[in-house]
Amino acid sequence: MLKRILFLFLLSASIAAGPPTGLLVNLVRHSDLTILTDANLRFSWIVNDPAQNAVQSAYQIHILTADKQPLWDSGKIISDHSTSVPYSGEPLPPNQTYSWSVSTWDGNDQPSPWSDPQQFNLGTPFNSTESQWLQVSSTHHWTIANEEPVDYHAISPASVVKTPTSYFIDFGRDAFATIRLTLTSPADGTLQIRLGEKKTPDNHVDPHPGGSIYYGVHSLKVQQGTHTYDLVLPRHISKMPHSQILPSFMPEVEPFRYAEIMTPPSEITSADIKQIALFYPFDDDAASFTCSNPDLNAIWNFCKYTLQATPFPGIYTDGVRERMPYEADAYIQTLGQYCIDREYALPRHSEEFLEYHATWPTEWNLLSILIAHADYMNTGDADSLKRNYDVLKAKLLLPLERPDGLISTRTGKVTPALLKSIHYDGKALKDIVDWPVTSESDGYQFAKYNTVVNALHYRTLVLMTDIAAATDHSADADEFRRQADKVKSAFNSAFFDAAQGIYVDGEGLTHSSLHANAFPLAVGLVSSDRIEKVADFIRSRQMACGPYGAQFVVESLYDAHAADAALALLTNHTDRGWLNMLRTGSTMTAEAWDIKYKSNLTWNHAWGAAPANLIPRKLMGVEPLTPGFARVRISPEPGNLTGATLKMPTIRGTILVTYRRIDHTIQLDVTIPANMQAEIHMPTTRPTIYNVGSGTYHFTGS
């Protein structure tokens, strides 16, 4: 094994480093297409060095004016930092355009060529967490500040079928879109167009799809002669407190896969009609996954596309019915986003919006801390943590504690002052467990002190310890660490049933649900001697949860090294799984497993896309050990798969992992980007850990 690694090192040692790539300003990859309103500039790049064990020893940054005149030179900085590197010059005047480039030095103190310059537009600083739309004067794009602009894309039909009364068009996949149609008409008139997410067996848009599955009937005025028309859809009406409304200058969209043109005046071919879909910028080549299980491959593609198609307003929302951000949705979307695209501005905007626009479930306020910590671990950028530290600290809900550290919303401690501190403008918080509570919580029984809420409370204390340390709140870090230890002890005293060897739903109760055991296991509350029995109970309950709860259920099984059970849940063929969503005809993940479990479900609800993060993070085992992926752990849990290959983007570059099982031999091929260290866990009978630097490695074991 050592000879193999040494050979690769000698082979690549003489290869010179190339210019840095993947430049980001304030985590924005196409900063020329947006306006940055945060004057605290941070620069990130990918070290482009193919050598084995390549490290950056120094860097130098240049900033130029719009007319390419030198403005600032960092000089050679001895540092391996390549993510979130702060600008340290004089404040740059706002409302101007600049560009920057970077060069790096390798471990032998040899400089790289300079990167291609990246342009950025610096606007007037502001601290609003609203979605502020601005126009970039140089491109005329409209964009949310500090994000890339959403844009419309013309998609051709997968098929066009002529029926006795209409043309039925299938675009292959659901998208938030409108229609562009070219027609020849002998006279002025009106055309009826039906759009929907579901079809009937005889090739019509289903007028009664059920739930909140979209169906709409629209009129299009046509003129004599040949013309091209864009269907103008009615504006979305906000029915929720934080619904995301497209600006008036952007055409409205609705989610549909199918279109039906009723009694058209002329023939319609695939060249005559387009689905004009609204997408946030997405690099489809950034990530990929294939394995020996075709069902899992289908689920991966299903979930990946969901995360591409759903953030059409430039922020994470919960589907067509409400178009409102929620913390639970954003948590699952954020974890998936990091695994499928090297895009960080979108999840950060969604995170910060929710920190100041909280929703009503107790647990979902706690999830804001999990989202913020995930942002930090994946980007290495603590700027958001520093700016929003006080509100994150409030999300710990410490005023709800009793002396042993457990919290409750049912003891009269939810005061207006507490609600104001977490930026929730309602009157109360309510424990939710899963959604819908009645059908997806495995019969969970509520007590004054509930297991699921306190499991997440423990996790937030652990993560706030890291956040406090990263933002120079050392006294808070010490206190949160002490509090976490106290809560862990109280949690196991209050909720663990020693006779059964599992956890109950709440203090004083005897009922044990799937959730009361999955959440403690997923957040690290279960001691090693109890894990096997708790995992066995979770396995016995199968998927007695909703798509939101499934994130924690499947994750808990992977953390317990019950990979076969986790894979079985991911690919189960019952009506409580992702394959059932596909069977029903959805091409984006649904709000619930089936309409029988939620009568108003949507077919475009990204919290159902948990496999987009569970497959890379847990099945393939790729997770950051230190902020910004300076150090990564790769610990596959392949279960009964015989092969799997993952391509996963990170802020430092792309990680490649290929697993193969041939008879009793395990092979693992891993490629680590430059300026990254890796801890490789071989999934063999006797697990072996290798610590390596960048490069390509081949490991074999049994």
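Modeller: Let us begin with helix H2, residues 294-309, whose 16 residues should span 22 Å at 1.5 Å a residue, and whose end C-alpha atoms are 23 Å apart, which agrees. The expected span is 1.5 Å times one less than the number of residues, and helices (H or I, at least four residues) and strands (E, at least two) are DSSP runs, numbered from the N terminus. This is a predicted model, in which local features need pLDDT of at least 70 and side-chain atom pairs count only at pLDDT 80 or more, while totals for chains, interfaces and linings use all residues. Residues are numbered from 1 along each chain as its sequence is written, and side-chain values use heavy atoms, with hydrogens and water left out.

Biologist: What makes H2 largely enclosed by the rest of the structure?

Modeller: Twelve of its 16 residues are buried, so H2 is described in that way; among them are Trp300, Phe302 and Tyr305. Buried means under 20% relative accessible area, exposed means over 50%, and partly exposed lies in between, with a 1.4 Å probe and protein chains only.

Biologist: Which side-chain contact is found at the start of H2?

Modeller: A side-chain oxygen of Asn293 reaches to within 2.9 Å of the backbone nitrogen of Asp295. A polar contact is a pair of N or O atoms within 3.5 Å; within protein, one must be able to donate a hydrogen and the other to accept it, and residues adjacent in sequence count only if both atoms are side-chain atoms.

Biologist: Why is Ser586 called buried?

Modeller: Its relative accessibility is 2%, and Ser586 therefore counts as buried, although this residue lies in the loop between helices H16 (578-584) and H17 (611-619). A polar atom of the Ser586 side chain lies 3.5 Å from the backbone oxygen of Trp603. Leaving aside residues up to four places away in sequence, Ser586 touches Phe302, Met581 and Trp603, where contact means heavy atoms within 4.5 Å.

Biologist: How do you know that Tyr697 and Phe699 are stacked?

Modeller: The structure holds 27 aromatic pairs. In the pair of Tyr697 and Phe699 the rings are 6.1 Å centre to centre with 20° between the planes, and the pair is stacked. Rings of Phe, Tyr and Trp (its six-membered ring) pair if their centres lie within 6.5 Å, and planes under 30 degrees apart count as stacked, over 60 as edge-to-face and the rest as tilted. Tyr697 is buried, with a relative accessible area of 2%, and Phe699 is buried at 0%.

Biologist: What sits over the ring of Tyr305?

Modeller: The charged end of Arg173 does, 3.8 Å from the ring centre, and the charged end of Arg530 sits over the ring of Phe496 at 3.7 Å from its centre. The term requires NZ of Lys or CZ of Arg within 6 Å of the ring centre and within 35 degrees of the ring normal.

Biologist: Which strands pair with S23?

Modeller: Strand S22 (residues 622-624) runs antiparallel to S23 and is joined to it by three bridges, while S27 (residues 677-682) pairs with S23 in the parallel sense over four bridges. Two strands pair if DSSP finds at least two bridges between them.
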